[in-house]
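Here is a short report on a protein chain and its ligand.

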Amino acid sequence: MALWYDEVHQDSSRFGLKIESVIFTGQSKFQKVEIVETASHGRALLLDGLWMVAEADEKTYHEMLVHPALTTAPSVARVLIIGGGDGGSAREVLTHPGVEEVVMVEIDELVIDACKAHLPSIGTAWDSDRLQVLCQDGAQYVRDQPDGSFDVVLIDGADPVGPAAALFGPDFLEQCARILKPTGVFAAQAGSPTLQREEHLGLVRALREVFPVAKPYYGTVSIYPGAAWSWAYASHGTSPKTIVHERAQRIEKHTDIYNRDIHIGSFAMPNDLKRLLDEDA
Ligand code: SPD
């Protein structure tokens with residue numbers, strides 16, 4: 001009898017993958033952590049039964065979270081990642097030689113330990129001497145940082161339920177704006193523009209309350225609800241379209257998804273979302 005794991009989304013839709021074997025299962029004080037071998041997507045991580053990352057499409061997610069910010073921020077010396085316990089975002093950030101220090105703050109040590117042990121293809125930069133990993137509450141960490149202390153802040157959290165819910169609220173976003181340098185760039189995963197439309201719009205609107213520049217951008221991640229996915233870019237003035245070409249050109253040599261055409265195109269919006277966000281349509 002074949003084993004299937006389904007993510008049930010808001011009691012109205014589900015996405016399932018056939019499982020070849022369960023590699024790891026554990027319970028932290030925050031959530032259930034599982035790593036499975038799937039029939040179609042390689043190894044995958046689930047938190048509380050929700051698909052977080054799979055080897056087959058993690059680059060569509062991590063490259064698009066990281067590189068629009070890292071190719072447009074005027075300086076990328078100090079980068080903060082909140083969440084990101086599988087190590088994929090840190091790996092992509094560290095491909096930029098201008099990055100001097102990455103601080104990654106993941107609340108759940110079990111996620112890091114399980115991913116280090118069982119998803120080594122994703123977290124390939126754990127040993128970098130430019131990476132500092134902290135296991136603590138990311139929201140509290142951000143509150144404790146001085147003004148203007150990071151060039152880039154990336155939010156690589158789960159969806160806004162459970163431990164990641166605090167990462168979508170106005171208080172947290174205000175704190176992120178405060179710890180960014182004046183030219184700094186913020187980027188976050190921003191949910192499904194179809195199946196999580198209210199959460200997606202809510203995050204963009206909340207960002208617009210605290211940042212002069214706040215733009216959603218779009219792509220696909222096949223294991224996430226609806227497969228259509230989004231991220232949000234925000235800054236005190238830096239534009240997502242002002243690409244530092246020398247930096248982008250260098251990373252395009254190794255990226256599977258990201259390139260400058262994808263970068264610019266991902267900021268195109270369908271008319272219905274433009275109208276809902278009061279943009280000209
Ligand atoms: N629907 C799940 C969205 C999860 C986004 N972050 C996943 C972490 C990958 N590093």
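A backbone N or O atom of Gly157 lies 2.9 Å from a nitrogen atom of the ligand. The protein covers 98% of the 340 Å² of accessible area that the ligand has on its own. Such areas come from the Shrake-Rupley method with a 1.4 Å probe; for residues, only the protein chains shown count as cover.

This is a predicted model: local features need pLDDT of at least 70, side-chain atom pairs count only at pLDDT 80 or more, and totals for chains, interfaces and linings use all residues. Residues are numbered from 1 along each chain as its sequence is written, and side-chain values use heavy atoms, with hydrogens and water left out.

The residues around the ligand (a heavy atom within 4 Å) include Trp51, Met52, Asp86, Asp156, Gln189 and Trp229. By class, this shell has six nonpolar, three polar and three charged residues. Here Ala, Val, Leu, Ile, Met, Phe, Trp, Tyr, Cys and Pro count as nonpolar, Asp, Glu, Lys and Arg as charged, and the others, Gly among them, as polar.

Now the whole chain. Along its principal axes, the C-alpha trace of the protein chain spans about 55 × 45 × 35 Å.

Definitions and conventions:
A polar contact is a pair of N or O atoms within 3.5 Å; within protein, one must be able to donate a hydrogen and the other to accept it, and residues adjacent in sequence count only if both atoms are side-chain atoms.
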